[in-house]
Amino acid sequence: MIKKDLLGIKELTVEEINLILDTAAGFKDVLGRDIKKVPALRGRTAVNLFFEPSTRTRTSFELAAKRLSTDVINFSVPTSSVVKGESLIDTALTIQALGADFVIIRHSSSGVPHLLAKSLRASVINAGDGMNEHPTQALLDSFTIREKKGRIEGLTVAIVGDVCHSRVAKSNIYALTKLGARARLIGPPTLIPEEIVSLGVEVFHNIDEGLKAVDVIMVLRIQMERQGKGFFPSTEEYFKNWGLTSDRLSLAKDDAIVMHPGPMNRGVEIASDVADGPKSVILKQVTNGLAVRMAVLYLLAGVHE
Amino acid sequence: MKILIKNGHIIDPSQQIDGIGDVLIEEEKIKGVRSQKQNELRTQNSELRTIDAKGMFVIPGLIDMHTHLREPGLEYKETIKTGTLAAVKGGFTTVCCMPNTNPVNDHASVTEFILKRASEEGYCSVFPIGAITKGQKGEELAEIGTMKDAGCVAFSDDGRPVMNSLLMRRALEYSKIFGVPIISHCEDTNLSEGGVMNEGLLSTTLGLKGMPDVAEEVMVARDIALAELTGGRLHIAHVSTEGSVRLIRDAKERGINITAETCPHYFSITEDAVKGYNTNAKVNPPLRTKKDVEAIKKGLKDGTIDIIATDHAPHRIDEKLREFDFAPSGISGLETALSLSLRLVEEGVLTASQMVEKMSLNPARILGSLITHHLSLVAGSKGTLKPGADADVVIVDTIKEFKVEAEKFVSKGKNTPFDGWMLKGIPIITISMGRMYEWQ
């Protein structure tokens with residue numbers, strides 16, 4: 001990879017995406033071994049700088065770094081000087097002064113990784129910024145699709161839910177369209193911005209129509225705070241109209257797979273029997289996330305060489 | 001002191017002058033303007049400074065109806081001293097300062113403070129704009145009459161629009177007896193809630209919360225309806241959308257007594273300037289799209305938009321060097337406004353005379369009734385080169401090309417999306433109340 005940072009899928013070429021996925025395949029083999037650790041990035045330091053609560057992404061990055069023999073520092077906001085009024089840039093520069101090679105950042109404001117990337121020598125990895133992107137999630141989703149389906153090009157992938165506020169959806173839209181899949185967005189008009197069709201996706205407000213003959217269904221998490229803001233009247237009504245049930249799942253292709261970035265709200269965006277059913281690859285996504293994040297760290301480290 | 005500006009291209013729409021001639025200034029007033037065919041301007045004083053303005057525009061000093069001077073309370077962003085220095089550097093000899101200071105200019109004592117400071121430290125004339133409501137809270141009217149007597153020339157809650165339609169109605173009704181305009185920052189804050197840029201494909205792909213153009217337009221429509229109902233004097237601040245231009249044009253055609261302004265950034269750049277999370281392009285109302293820019297230009301050309309104001313909104317550099325969501329809105333605009341407006345002349349959108357109208361004569365007209373009584377100035381003393389008017393004159397080198405260098409701004413606010421731009425045309429001499437400032 002030629003870039004210093006992983007800011008988003010938007011910024012990646014098809015070649016770079018494929019390189020990450022191919023590299024991840026190698027690391028997945030490593031993760032299947034008895035000894036799951038390789039010395040590839042020994043002596044490096046990664047800092048998890050999480051301004052939003054996260055368990056799975058932070059843990060996944062931490063473990064990915066450790067599997068590569070990189071030291072990891074978890075810098076969480078409540079214990080940092082951020083609460084004392086330190087600016088974001090000052091916090092990041094302080095972390096860099098400690099010798100960090102990677103700054104893995106999650107923040108509720110879009111563009112924060114881009115801001116840090118400009119002021120830091122370290123590689124900045126976007127672990128989710130506001131409503132912008134969550135690139136490693138999309139990479140692990142693509143990796144999972146490729147693993148299950150053998151390809152991505154030509155597939156039809158439905159993304160169901162709160163596209164408007166979802167960085168996972170945005171990153172997946174960029175990844176899928178770049179890799180040659182057809183993306184369909186399904187949800188109420190309040191959660192799917194009208195102009196998004198310009199990105200080369202199809203929009204369906206009716207889930208039954210949208211799910212017809214799709215190869216992959218990605219269900220997005222409905223954030224509970226959207227309730228009462230006029231996006232939809234209640235989670236019950238949402239589930240009734242856009243929840244993924246087994247009846248609806250039967251509209252998709254027979255060999256369709258069901259994905260979810262987690263954490264799930266069972267009975268809101270997805271029925272329990274679907275989440276736990278044979279078409280669900282939700283836990284595989286978690287495992288693949290490790291391999292993909294190892295690949296990202298490994299490839300970004302190459303820049304410094 | 002006497003100043004004779006010779007052989008300049010005088011543009012004074014108040015007298016329909018657009019040609020070569022001389023301007024004579026004595027002390028704080030314009031003594032006379034002579035076009036080439038008339039007799040020599042006579043002056044006996046030996047203490048005469050002669051300026052050769054051959055090839056330059058000589059225009060009445062610009063009047064900015066929308067400036068944030070930040071004093072009192074926010075002196076780290078700007079002071080009356082630095083803000084008025086930026087003004088004269090940009091060719092402005094009068095600025096009207098918005099009330100969102102700390103404390104808010106919602107009381108005659110604050111107005112008096114600003115005027116006192118301006119008379120002690122200011123480089124140009126300062127006319128304060130008072131708050132419509134106490135504390136800009138949108139709850140109860142401020143003492144509009146008393147503040148007018150103290151020197152406020154207009155009233156506005158600026159960045160905190162009066163959401164309560166009844167209160168806005170009362171403001172438009174009540175202000176009528178004082179003949180002062182109510183300046184409306186048109187934004188339905190429910191529709192724009194949390195927004196940090198224009199709503200559209202770009203806000204979606206940047207993951208930033210958008211403010212739809214209709215958030216501005218529904219308020220423009222409301223305020224036009226209220227102006228029609230009350231007969232109050234409504235001035236619409238910083239028009240940024242195609243729909244607003246259309247609404248204002250329709251209202252004017254129906255004979256409703258309203259005026260409107262836009263700012264250079266709304267006719268010079270689009271939301272694309274936000275790409276890369278450039279906080280210097282964060283402004284409220286937000287930068288819009290190409291079709292809006294075209295509509296704004298058309299509105300300027302056909303007279304729908306009366307005024308070009310700056311909405312000069314200086315911020316300290318580290319306030320902008322942060323998360324886009326949390327960076328304050330605003331552009332430091334005084335030092336680029338004239339050069340950016342000259343682009344409209346170059347493009348043929350406006351004639352030079354129309355540009356001067358929108359940056360000097362029209363603001364003077366809108367604020368005219370106030371200027372009459374305020375600080376014992378005489379009627380029509382600004383925005384014109386008529387004999388007896390204030391000696392507010394700007395000499396503009398319209399050929400000179402220069403690079404915008406934000407760090408060299410004399411304003412404390414270096415926040416501009418035009419940093420590094422090559423522009424053509426710049427004031428080289430600004431005379432404000434007879435005091436001369438030279439820049440080159």
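**A guided reading of the model**

At 70% relative accessibility, Q16(B) counts as exposed, since exposed means over 50% relative accessible area, buried under 20% and partly exposed in between, with a 1.4 Å probe and protein chains only. Q16(B) sits in the loop between β1 (2-12) and β2 (17-26) of chain B; here helices (H or I, at least four residues) and strands (E, at least two) are DSSP runs, numbered from the N terminus. Although Q16(B) is not a glycine, its phi is positive, about 50°.

This is a predicted model, in which local features need pLDDT of at least 70, side-chain atom pairs count only at pLDDT 80 or more, and totals for chains, interfaces and linings use all residues. Residues are numbered from 1 along each chain as its sequence is written, chains are lettered from A and ligands numbered from 1 in the order in which they are written, and side-chain values use heavy atoms, with hydrogens and water left out.

S69(A), which is not a glycine, has a positive phi of about 70°. The loop that holds S69(A) runs between α2 (56-67) and β2 (71-76) of chain A. S69(A) counts as buried because its relative accessibility is 16%. Most residues other than glycine have a negative phi, and most peptide bonds are trans. In chain A, the peptide bond from G262(A) to P263(A) is cis, with omega near -10°, and P263(A) belongs to the loop between β9 (257-259) and α10 (272-275). In chain B, N284(B) and P285(B) are joined by a cis peptide bond with omega about 0°, and P285(B) lies in the loop between α8 and α9.

The helix α9 (residues 290-301) of chain B has 12 residues, which should span 16 Å at 1.5 Å a residue, and its end C-alpha atoms are 17 Å apart, in agreement; the expected span is 1.5 Å times one less than the number of residues. Its buried residues include V293(B), I296(B) and L300(B). Among the elements that cover the buried residues of α9(B) are β14, α11 (337-347) and α12 (352-366) of chain B. After α9(B) comes G303(B), with a positive phi near 90°.

Helix α6 (residues 213-230) of chain B has 18 residues and reaches 26 Å from its first C-alpha to its last, close to the 26 Å expected. Among its buried residues are M219(B), V220(B), I224(B) and L226(B). The buried residues of α6(B) pack against elements of chain B including α4 (165-174), α7 (242-253) and β14 (258-262).

On the scale of domains, chain B is divided into domain 1 (2-58 + 386-438) and domain 2 (61-375), with bounds that come from an automatic or database domain assignment. The contact takes 34 residues from domain 1 of chain B and 47 residues from domain 2 of chain B, where contact means heavy atoms within 4.5 Å. The two domains of chain B bury about 3100 Å² between them, 65% of it on carbon and sulfur atoms; buried area is the accessible area (1.4 Å probe) that two parts lose on being put together, summed over both. In domain 1 of chain B, V410(B), K412(B) and N415(B) lose the most area to domain 2 of chain B, together 21% of what that side buries. Between these domains the count is one salt bridge, that is, a side-chain nitrogen of Lys or Arg within 4 Å of a carboxyl oxygen of Asp or Glu.

The last topic is the contact between the chains. Chain A gives 22 residues to the contact and chain B gives 16 residues. About 1400 Å² is buried between chain A and chain B, of which carbon and sulfur atoms give 62%. S110(A), M131(A) and E195(A) supply 30% of the area that chain A buries against chain B, more than any other three residues. Between chain A and chain B the count of salt bridges is zero. S166(A) counts as buried, at 11% relative accessibility.
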